[in-house]
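Here are my notes on this one, jotted down as numbered points. Have the model open while you read.

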Protein chains: 2
Amino acid sequence: MEKNVLSRWEFSTIVNSMKPSAIESILKAIGDPEMISFGGGLPNPESFPVDDVKKVFDELITKSGRQMLQYGATEGLKSLSVAISKRMKQQLSINSDPSEIVQTTGSQEALYLLGKILANPGDYVISEAPTYLGAITAFRASGIRMIGVEMDQYGMKMDALRRTLKKYSHPKFIYVLPNFQNPTGISMNLERRKEFLEIISDEGIIALEDDPYGSLRFSGTQLPALKALDKNNNVIYMGTFSKVLAPGFRLGYTIAPPEIVDKMKLVKQALDLASSTISEYIAEGYLSGGYIDRWIPNVIELYRRKRDLMLKSLEEYLPSDVEFTRPDGGMFIWVTKKGANTDKMLEDAIKKKVLYVVGSEFYPDGDNHESMRINFTYSSDEKIVEGVRRLGKVFEGAGK
Amino acid sequence: MEKNVLSRWEFSTIVNSMKPSAIESILKAIGDPEMISFGGGLPNPESFPVDDVKKVFDELITKSGRQMLQYGATEGLKSLSVAISKRMKQQLSINSDPSEIVQTTGSQEALYLLGKILANPGDYVISEAPTYLGAITAFRASGIRMIGVEMDQYGMKMDALRRTLKKYSHPKFIYVLPNFQNPTGISMNLERRKEFLEIISDEGIIALEDDPYGSLRFSGTQLPALKALDKNNNVIYMGTFSKVLAPGFRLGYTIAPPEIVDKMKLVKQALDLASSTISEYIAEGYLSGGYIDRWIPNVIELYRRKRDLMLKSLEEYLPSDVEFTRPDGGMFIWVTKKGANTDKMLEDAIKKKVLYVVGSEFYPDGDNHESMRINFTYSSDEKIVEGVRRLGKVFEGAGK
């Protein structure tokens with residue numbers, strides 16, 4: 001065993017700086033069948049159009065089986081980019097040429113690619129605080145330092161952004177999730193969207209607009225995408241099929257200017273050559289066959305009911321000094337108690353058989369402990385009610 | 001347009017150092033219907049088990065549709081790792097625990113992950129010269145410097161490796177393709193395999209064994225994998241479903257010690273969270289249902305015939321001073337003419353409507369121009385004969 005070199009291998013500096021996320025340790029606790037987990041970010045399996053997928057697959061494998069199983073282009077299937085471009089125009093008034101679209105292995109890959117392309121190790125980028133954990137992970141893997149900007153119920157605070165930009169005047173980009181943000185469920189209102197675009201235009205900063213949940217609006221009126229409002233081509237838009245088709249496809253897409261598309265292709269070729277051709281074909285059939293528009297209302301209906309049930313349960317079971325967001329869509333609710341420490345409460349929650357994600361995980365600097373993220377899409381109705389009841393007990397215990 | 005910041009955006013240093021590969025520019029020339037391309041590295045679409053895939057998919061989507069469409073674990077589907085571990089034992093005498101297996105988005109992703117995990121920018125690694133272009137691309141994307149070691153008909157030359165290790169004594173790893181190497185088609189013989197393992201064991205160096213074509217042997221006797229001969233746990237083994245199932249799945253696997261597996265999972269989570277669950281389920285059904293063992297003989301039969309036809313055509317049409325390898329498997333033949341410059345010959349080849357990949361692309365330092373890589377798996381039998389005839393004319397023209 002003396003000659004076994006692997007156990008004493010030195011890993012790279014960047015990899016040594018990376019830590020497993022708390023979400024993974026939470027996933028382990030899910031093994032307990034008594035556990036009710038609001039911790040994951042999983043869509044409900046009932047939201048998957050299984051029959052449509054079978055139908056589309058069977059048609060395509062019969063018609064185009066050999067092309068569907070072959071290597072595809074690094075940027076993805078041409079006809080799918082055409083279908084995405086068309087849909088983005090119809091649904092979101094986003095104008096794009098299909099050549100401005102890159103398909104990726106989930107939008108997670110787009111986050112990683114864009115971080116690697118746009119920033120050198122040590123550079124900083126700005127995000128909402130809290131922000132999507134997967135973005136923190138992706139950007140940190142390229143050695144990026146993240147600066148969070150405070151939010152309120154209308155999204156990122158613009159005065160706080162201006163102050164941050166005085167201190168950090170040349171961020172490589174600003175990462176935002178304007179619709180039903182993960183983790184808070186908060187949407188940026190129209191006024192803020194416009195002011196945000198003015199600021200980045202004045203300062204000459206690129207924005208990454210991440211929009212995984214945009215199609216899942218249960219209430220309120222649709223707000224225009226930053227990319228649709230943007231006159232100066234400062235916004236890179238990211239979408240995904242994970243929430244309107246199914247995550248198992250691992251298929252996302254980015255709409256970006258040609259220079260960025262070229263660099264994304266270059267790095268993606270080094271990373272995984274191309275995404276799954278099979279996923280791309282099925283997604284194309286799902287869009288072009290009109291399945292998506294017939295299916296999304298079912299998902300919205302299911303999730304609206306679950307959101308309403310969770311909000312009702314939160315009102316019923318949480319102590320009155322606990323606040324929570326009331327999202328118009330998406331998958332998450334953000335629960336906050338002034339002065340609480342949700343990191344410390346987690347042990348009691350696990351004892352009481354209910355899981356959440358501690359809020360501190362979503363802060364680039366990790367120093368806010370008053371909140372937790374809970375998911376309302378995955379659990380059965382019974383578990384939503386019972387889980388929130390248990391959560392109420394956890395909060396009551398923490399108050400003592 | 002003054003305010004458009006993207007056109008003047010500074011990309012990261014590492015991305016600015018990356019160049020599109022010549023293979024991509026070759027792919028563009030394929031658009032010409034008259035063109036015969038030996039340039040790509042594509043499996044023949046006839047080698048795809050379309051009916052088996054349809055059968056397996058239909059069974060699984062009916063039985064486990066919802067799990068198959070959900071997010072999967074970062075390291076991949078547990079039952080597939082079990083099936084891979086069992087198959088590796090049976091076919092290659094490689095002992096592994098399923099927990100030592102990480103499934104990746106093609107083995108390209110494994111190359112990228114391992115480069116990023118094991119080396120800092122500026123570190124060097126050793127490979128055969130020539131070596132797989134995708135590995136050069138993947139490693140360079142992490143800022144790795146590559147040092148090539150000369151080969152002969154029995155693989156990497158061990159005296160040359162010893163000399164290289166005197167000069168570059170602490171490479172982060174040595175990357176080798178022992179079976180039917182891409183681009184040369186050469187296999188490392190048993191004596192070299194043993195000597196190679198002695199050297200890395202003495203020097204305390206990790207080896208990455210890339211084995212995409214190992215199952216595709218048309219002639220000669222099977223040679224043991226480095227990983228199977230390795231007593232000291234110095235070898236990380238990479239396999240893929242791209243050549244024994246189909247590349248459209250984008251599914252590879254790595255067998256590595258637990259410390260490496262942990263780091264691969266950590267970085268993969270940042271890169272793409274997980275690979276396609278759908279691909280993983282189908283691959284599992286394909287392995288466990290025994291489809292793979294019934295199918296591979298068909299692929300071998302098809303490719304053996306094409307290899308034989310190409311070798312016969314090369315004998316017939318190439319001038320006698322042109323040498324070429326006679327691979328026992330895989331997908332490629334390496335054609336060399338002393339004093340030739342295949343980079344300069346390419347223009348004439350495109351005029352004569354035949355494509356190859358210039359040999360210099362496969363050298364980490366790019367300074368060898370006497371060879372070319374040609375693929376024998378993709379083209380129809382007629383095109384193999386006609387393409388080689390055209391290639392003969394190109395060599396004749398270059399001699400004048």
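1. First, a term: two residues count as in contact if their C-beta atoms, placed from the backbone, lie within 7 Å. On that basis, 70 residues of chain A are in contact with 70 residues of chain B. Keep in mind that this is a predicted model, where local features need pLDDT of at least 70, side-chain atom pairs count only at pLDDT 80 or more, and totals for chains, interfaces and linings use all residues. Residues are numbered from 1 along each chain as its sequence is written, while chains are lettered from A and ligands numbered from 1 in the order in which they are written.

2. Who supplies the chain A side? Helices (DSSP runs of H or I, at least four residues) and strands (E, at least two) are numbered from the N terminus. Helix 3 (50-69) and helix 11 (277-288) of chain A are among those that each give at least two residues to the side touching chain B. The largest share, nine residues, comes from helix 3 of chain A. By class, that side of chain A has 37 nonpolar, 24 polar and nine charged residues (Ala, Val, Leu, Ile, Met, Phe, Trp, Tyr, Cys and Pro are nonpolar, Asp, Glu, Lys and Arg charged, the others, Gly among them, polar).

3. Within chain A, an automatic or database assignment sets the domain bounds: domain 1 (6-49 + 295-399) and domain 2 (71-279). Their centres, over C-alpha atoms, are 24 Å apart. Here 30 residues of domain 1 of chain A are in contact with 33 of domain 2 of chain A. On the domain 1 side, helix 12 (291-317) of chain A provides the largest share, six residues.

4. Last, helix 8 of chain B: which residues are buried (20 or more other C-beta atoms within 10 Å of their own C-beta, placed from the backbone; exposed means 12 or fewer, partly exposed in between)? They are Arg192(B), Arg193(B), Phe196(B) and Ile200(B). The face turned away carries the exposed Glu191(B), Glu198(B) and Asp202(B). Just after helix 8 of chain B, Gly204(B) takes a positive phi of about 70°.
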